[in-house]
Amino acid sequence: MSRINFTDLNLKFLQDHSDEAIIIDKEGIDFHFKLSLKQLTNKLVIFSNGAVDPSKRKPPVFMRSNWVDDMDYNALFIDDRTIHGNNLRLGWGVGEQERHYLADYSAVVHRITELLTISSNNTFYYGSSAGGFMSMALASMHKGSTAIVNNPQTYVFKYFESAVDALYSTVFPGMTHAEVNKNYSNRLSITNIFRRSKHTPKVLYFQNRLCNGDMENHLTPFIKTLEKYQFNMQSIQFILYNDKKAGHNPMSKDKTLELLDLIVNGKEDEIKTVQQVVDYSPEKEADLKLTEQSVFPLLPYSNHTVPMADAAIENRIIPFPTFEAVPLSDSIWDIQKGADTVSYQLYLHSWRVVSELLNQYTATKDKKYIDKATEIIHSWMDNSEARMTTMTWYDHPTANRTQVLIEYMHIIKTINPEADFSRYIEQLNKHCHFLMDDTNYRPNNHGLMMDRTLMVAGIVLSNELFLLKGKARAQQSFWINYSPNGVHLENSPEYHRMVTRMYHSIEDYLKKNDETLGPEIIQLLTLADAYLPKIAKPDRRIPAIGDSSEMGSPSKVTLWENFQDISAGITVLKDKPNQLYLAFICGFSTATHKHPDDLSIILNYKNQDFFIDAGKFNYSRSPGRSYVVSRPAHSSYQLHRNYKRTHDNRIIQAIKTDHFFDTEDFSIVSGYHHGYEGAKLRRTIYFLKKFHLIFIEDVGESETEVNFINRFNLCEGLTIEEGQNSIKLSKNDASIEVLNLTGQPYEINDKAHVKGVKQPFNARKVNQKLATKQIVITDQAKVENKFLTLIRLEEAIDVKIYENDNEYIFNSETNQIKLPKI
């Protein structure tokens with residue numbers, strides 16, 4: 001057997017000894033490897049051993065090395081030096097008391113990949129049982145690599161007592177199990193190994209669900225620990241299969257090679273097409289837990305239930321309460337409705353109408369409703385593949401459809417306890433494939449729908465992996481999508497309300513089933529509940545900020561405190577003596593539902609709106625939707641072109657509110673906007689409380705000549721009186737005066753400049769178009785710009801304004817206020 005010192009290891013040695021066992025001496029220990037090199041490949045799979053029977057084979061042992069003729073990639077086989085000369089069957093790479101052999105193996109693999117110029121993302125670690133443990137550990141020490149494991153141990157001390165006793169007495173003589181577990185946890189616990197390496201690797205974790213020992217002692221505690229300590233579970237994909245005969249034994253050679261070939265060649269999405277690998281169905285229908293406690297109805301009974309259910313009885317399907325009915329036929333599953341096609345397909349494939357039929361059956365026990373639900377469900381199952389659309393298998397409808405199917409099965413069971421559920425279980429299996437697959441998952445409200453349904457499926461199907469996966473993703477999504485102040489970060493008060501309600505309903509459901517999202521989330525949800533009243537106007541209406549309609553505050557009390565959340569990019573100034581409400585939008589943590597509304601303001605004075613946001617209108621691909629999500633629909637300091645809004649603004653903070661403070665005499669809020677390519681903008685708003693004035697400074701610079709625009713989107717129905725460089729706005733006994741102090745020309749704009757929309761409009765609620773106008777001040781073809789705008793409230797005091805390099809000075813006859821420049 002050829003040998004070489006680790007420091008002398010070179011490419012020629014590896015090439016000359018391909019397909020041979022070799023010894024690499026490293027710091028006084030001889031480590032045994034076998035390397036099989038292939039031509040025309042830049043991939044490497046490293047194999048680690050499972051249990052070895054010393055009565056049949058003496059170390060060194062290179063498990064699966066006789067598979068190389070069936071591999072098209074390089075392969076490295078690791079012999080576990082831990083079991084040399086001691087009759088151990090398993091070593092988990094533990095090594096000796098003062099030396100962890102896995103660290104040595106990792107160093108050798110790194111050196112070999114360097115010599116072969118194989119990148120980390122083309123390096124894969126494979127093993128089953130103890131080899132699976134070693135593979136995950138090695139991948140955690142090799143950032144960018146992937147572990148592929150089959151029925152692995154995750155905690156050595158939870159394996160069979162005889163094997164653990166043998167290892168501990170051999171490697172750690174004289175120490176108790178408790179002492180070994182405490183002092184060497186970073187060798188015996190895969191989560192501690194992840195923690196020590198500060199890296200959770202990409203793992204494809206194949207597990208036979210019918211091996212109870214693996215499920216109870218390794219998979220379940222592993223997921224619970226990942227969840228408890230908030231490891232990044234997005235990098236771990238759990239794939240379960242049913243094989244009662246195999247138990248803890250790994251999948252067959254042919255199946256393993258087939259999966260390795262798919263994964264190594266970047267075809268992970270095709271894993272789900274490998275027959276008999278993944279089966280999430282219960283072992284028998286008796287395992288189904290269909291009870292009122294375990295089932296989670298998609299919708300509550302409401303004033304929409306009867307109209308939608310009765311229309312369905314007449315074969316008229318209302319996909320969503322505000323939508324027109326469509327005739328029931330097999331063709332509804334790929335219905336075309338022009339600009340509204342996607343919305344119709346989404347709610348049809350969500351089975352919302354089926355949910356309302358189930359609600360009405362539950363309320364009346366009239367069999368016609370459950371019969372119609374059955375007809376629609378069977379129509380979908382019979383036609384969904386032939387009439388597939390982008391909405392057939394999409395996160396939102398797939399999650400909702402699964403939840404409705406489970407509720408339907410529960411009702412059918414109450415009607416006929418002997419009902420055949422085989423077809424429905426087949427569908428649940430297919431749907432759970434989709435919900436478990438992280439490539440279909442986004443950590444937003446649609447992802448939360450998937451997580452909610454996975455938790456329900458886990459409890460109903462007695463599948464703890466579903467429950468833990470859904471719960472862990474929901475927990476991670478929560479911390480991603482809520483700020484420390486409890487503000488949901490998808491740029492919409494309406495979505496804040498919806499998602500917060502979803503989390504509350506999930507927690508209520510979990511409590512009924514002896515589970516919980518955890519005290520930390522429950523605590524932050526109390527802050528989330530308090531958010532909407534904090535941003536409500538004095539009339540207790542929540543303005544249409546971002547992708548939201550206007551809506552009522554959940555509180556009957558008007559709050560007059562200021563509020564700011566930098567992560568959400570929202571600041572609200574409130575002043576009770578002046579009856580003033582001013583919201584400033586600048587910055588965001590996710591581009592989801594984000595309008596181009598940075599540096600925009602909303603102004604309400606004496607319970608009258610003056611500057612407002614255009615709202616969301618709807619989610620169709622209509623001209624109206626195109627308008628409200630456009631830059632000209634917002635009261636902002638802007639350029640005459642669009643800017644990019646990306647998710648990484650949370651990190652790079654190209655757009656941010658960076659100043660906010662409040663004194664007895666004035667309040668200041670300021671934010672910058674570096675989102676336009678080659679340009680920088682800043683808006684600073686000063687509220688001079690005792691002078692009853694709002695002063696806005698806008699400054700910008702650009703690398704090329706651009707049009708700088710100061711736009712105010714007006715509340716509909718305002719009376720507009722134009723003067724020289726001033727405009728008076730009034731309605732319902734409230735008025736303000738807007739003065740342009742820098743003298744650029746302005747216009748009262750009544751054109752939308754969006755195809756299919758003639759005039760600017762506000763959408764306080766869905767599909768509403770309230771015609772309005774805008775004040776537009778333009779500074780054309782400039783590389784530098786400055787707008788100074790003064791807004792006088794009704795009680796405004798006459799002042800003279802001066803400035804120097806550092807401040808603005810406001811002088812009245814009796815008082816002076818100095819405002820720092822930002």
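In this predicted model, five strands line up as an open sheet in the order E14-E15-E16-E17-E18, with antiparallel pairing. Strand E14 (563–565) and strand E18 (608–611) sit at the edges, each pairing on one side only. On average, neighbouring strands of the sheet are turned by 15 degrees against each other, direction ignored. Helix H19 (residues 519–535) packs on this sheet and touches E14, E15 and E16, its direction making about 55 degrees with that of E15. Zooming in, E15 (residues 570–575) and E16 (residues 580–585) are joined in the antiparallel sense over 6 bridges; Val 572, for instance, has Ala 583 in E16 as its bridge partner.

Next comes a lysine in a loop. Lys 689 lies between strand E22 (679–688) and strand E23 (693–713). Its relative accessibility is 17%, so Lys 689 counts as buried. Leaving aside neighbours within four places in sequence, the contacts of Lys 689 include Asp 575, Asp 662, Glu 664 and Asp 665.

Then there are the rings. The whole structure holds 39 aromatic pairs. In one of them, Tyr 168 and Phe 172 have ring centres 6.1 Å apart and planes at 80 degrees, so this pair is edge-to-face. Tyr 168 is buried, at 2% relative accessible area, and Phe 172 is buried too, at 1%. Phe 320 and Tyr 347 make a tilted pair, because their planes stand at 40 degrees, with centres 4.5 Å apart. This pair links distant parts of the chain, 27 residues apart: Phe 320 is in a loop, while Tyr 347 belongs to helix H11 (residues 341–349). Phe 320 is partly exposed, at 22%.

Conventions:
Residues numbered from 1 in each chain as written. Predicted model: local features only at pLDDT ≥ 70, side-chain atom pairs only at ≥ 80, totals over all residues. Heavy atoms only, no water. Pairing = 2+ DSSP bridges. Helix = DSSP H or I, 4+ residues; strand = E, 2+ residues; numbered from the N terminus. Axes fitted to C-alpha atoms, helices over the stretch in contact; angles between N-to-C directions. Contact = heavy atoms within 4.5 Å. Buried < 20%, exposed > 50% of the residue type's maximum accessible area, 1.4 Å probe, protein only. Phe/Tyr/Trp six-rings, centres within 6.5 Å; stacked < 30°, edge-to-face > 60°.
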